[in-house]
Amino acid sequence: MTVTILPTGVSPADVLAVARGTAKIVLDPAAVDAMATSRSIVDDIEAAGRPVYGVSTGFGALANTFVAPERRAELQHALIRSHAAGVGAPMPREVVRAMMLLRVRSLALGRSGVRPLVAEALVDLLNRDVTPWVPEHGSLGASGDLAPLAHCALVLLGEGWVLGPDGERVPAADALRRAGLPPIELAAKEGLALINGTDGMLAMLLLAIHDAAHLFTMADVTAALAIEAMLGSERPFLPELHAIRPHPGQGVSAANIHRLLQDSRVMDSHRDDLAHAVQDAYSMRCAPQVAGAARDTLDFVRTVAGRELVSVVDNPVVLPDGRVESTGNFHGAPLGFAADFLAIAAAEVGAIAERRVDRLLDVTRSRDLPAFLSPDAGVNSGLMIAQYTAAGIVAENRRLAAPASVDSLPTSGMQEDHVSMGWASTKKLRSVLDNLTSLLAVELLAGVRGLQLRAPLTPSPAGRAAIAALGGVAGEPGPDVFLAPVMEAARAVVGGPELRAAIEQEIGPLG
């Protein structure tokens, strides 16, 4: 696959193809022309000797410090070196690659005043699979993701570090030499244009949107399995009950769960028993209301990210009429708010899943299933401690759901006196979603065990597919086994596409 960078930007699918795939990148000639045009404006400003922030002045609190023409290239190199000040473990390769692609996108919009060769140098890094080592700490999401982007830009100069094949830290000069890439020299404005933007937080948000969309559908699947195993009612998921409260996501989740519960001998065994489950517990009956609200939150976040994908987030920006204007478009508040909102929603999807797991394991509430889903409880503990693990993860997600975007610390001599913390918001959102994968894995395992224990009643197509997906590792209910590998296998099933594909082959596409 080839991703073409246009002067209008890129799509979320393009970002995923580069971050997680092997797509190659090319710059469209129109994007090259747009960059060359904006660069000519910067060259004219330099020739005229006008003071312009980032071109002929220092940065941040040093914005009023004039820099002589003969030192302006030095200024840009010094900027990159000083701002590459992050610490901590390296960010994942997929995040760094997405961030680099988004910086190319930003430059290609033709408002940054850089020479095309700067964008081409970033493209070369991506196409040669040279990934900068970007530490996790350093961005406040204010003038964008300054430190993370500086660590990327430093590699273009032949300095800094890159990720080695095994995750080790390799000198950039050695990596460039092996890749056959020369370092570049920066001209006026170009260092600033390489680091001033929301590309890091947008990269993480786009990856999170993709993951959340999958997980929210899988949450409907695991909820349906748990409800089926607990002999719950399908009536709360009837479409007419959700038409009278027309939140879009709620309707989609309810329709998913209702369809997932059809063609089940387990459900048939009690469907016409009017005395059975007059009202199921909230964690069962309200599954669409929680997962559906999360879906609607995701739609809002997707809208925010889509706007950012077509935005110019540099500072200063070069306008077509020749003006170079200072902006605040690099501020990450829109992305930080969105990420915090989605983290709250995802945390609650996991929290309600854990409540269903606890109910499945409790002999007083599971409707005749054995304690902790063990056929020989007492000698064996079944899934008792799997629920402990889930409870601990729910508690962690509640801590992570506290918004980072309400925090702010002034920097740069009070010039940057309000920051967004958008990098922190999007980074912890990814942690919440990883935790959600584990929580849904525990519910998947518990639902499978519960349905196995309902034999000889035949479960739904979704139940049969889930049993088949986990059967090779989990086996049949029986004596206790080493549970961690089973839970890891369940995580892989939840995070991967195979189980959903198997279910959809039987019942049609899920919403």
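**Close-up 1. The aromatic pair of the model.** One aromatic pair is counted, where rings of Phe, Tyr and Trp (its six-membered ring) pair if their centres lie within 6.5 Å, with planes under 30 degrees apart taken as stacked, over 60 as edge-to-face and the rest as tilted. The partners are Phe-300 and Phe-341, in a tilted arrangement with 6.1 Å from centre to centre and 55 degrees between the planes. Phe-300 belongs to helix α14 (residues 287-309) and Phe-341 to helix α15 (residues 333-361), so that distant parts of the chain, 41 residues apart, are linked. Helices (H or I, at least four residues) and strands (E, at least two) are DSSP runs, numbered from the N terminus. The model is predicted: local features need pLDDT of at least 70, side-chain atom pairs count only at pLDDT 80 or more, and totals for chains, interfaces and linings use all residues. Residues are numbered from 1 along each chain as its sequence is written, and side-chain values use heavy atoms, with hydrogens and water left out.

**Close-up 2. A nonpolar surface patch with both Phe residues.** Phe-300, Phe-341 and Ile-344 make up a nonpolar patch on the surface, with about 270 Å² of accessible area together. Patches consist of residues with over 30% relative accessible area and no salt bridge; like charges are joined within 9 Å, and nonpolar side chains (Val, Leu, Ile, Met, Phe, Trp, Tyr) within 5 Å. Accessible areas come from the Shrake-Rupley method with a 1.4 Å probe, and for residues only the protein chains shown count as cover. Phe-300 is partly exposed at 39% relative accessibility, and for Phe-341 the relative accessible area is 39%, again partly exposed. Here buried means under 20% relative accessible area, exposed over 50%, and partly exposed in between (1.4 Å probe, protein chains only).

**Close-up 3. Arg-169 over two Trp rings.** The charged end of Arg-169 sits over the ring of Trp-133, 5.2 Å from its centre. Arg-169 also lies over the face of Trp-161, at 3.6 Å from the ring centre. A charge sits over a ring if NZ of Lys or CZ of Arg is within 6 Å of the ring centre and within 35 degrees of the ring normal.

**Close-up 4. The salt bridge between Arg-97 and Asp-129.** The model has 29 salt bridges, each a side-chain nitrogen of Lys or Arg within 4 Å of a carboxyl oxygen of Asp or Glu. Between Arg-97 and Asp-129, the closest N and O atoms are 3.6 Å apart. Arg-97 is in helix α4 (residues 93-108) and Asp-129 in the loop between α5 (116-127) and β4 (135-137), so the bridge ties together parts 32 residues apart in sequence. Arg-97 is buried at 2% relative accessibility, whereas Asp-129 is partly exposed at 45%.

**Close-up 5. The salt bridge between Lys-427 and Glu-136.** The closest N and O atoms of this pair are 3.4 Å apart. Lys-427 lies in helix α17 (residues 422-452) and Glu-136 in strand β4, so parts 291 residues apart in sequence are tied together. Lys-427 is partly exposed at 22% relative accessibility, and Glu-136 is partly exposed at 23%.

**Close-up 6. Arg-355, Asp-358 and their salt-bridge network.** The side chains of Arg-355 and Asp-358 meet in a salt bridge of 3.3 Å, N to O. The two residues are three apart in helix α15, a separation of about one helical turn. Arg-355 is partly exposed at 38% relative accessibility, while Asp-358 is buried at 18%. Salt bridges with shared partners join Glu-354, Arg-355, Asp-358, Asp-362 and Arg-365 into one network.
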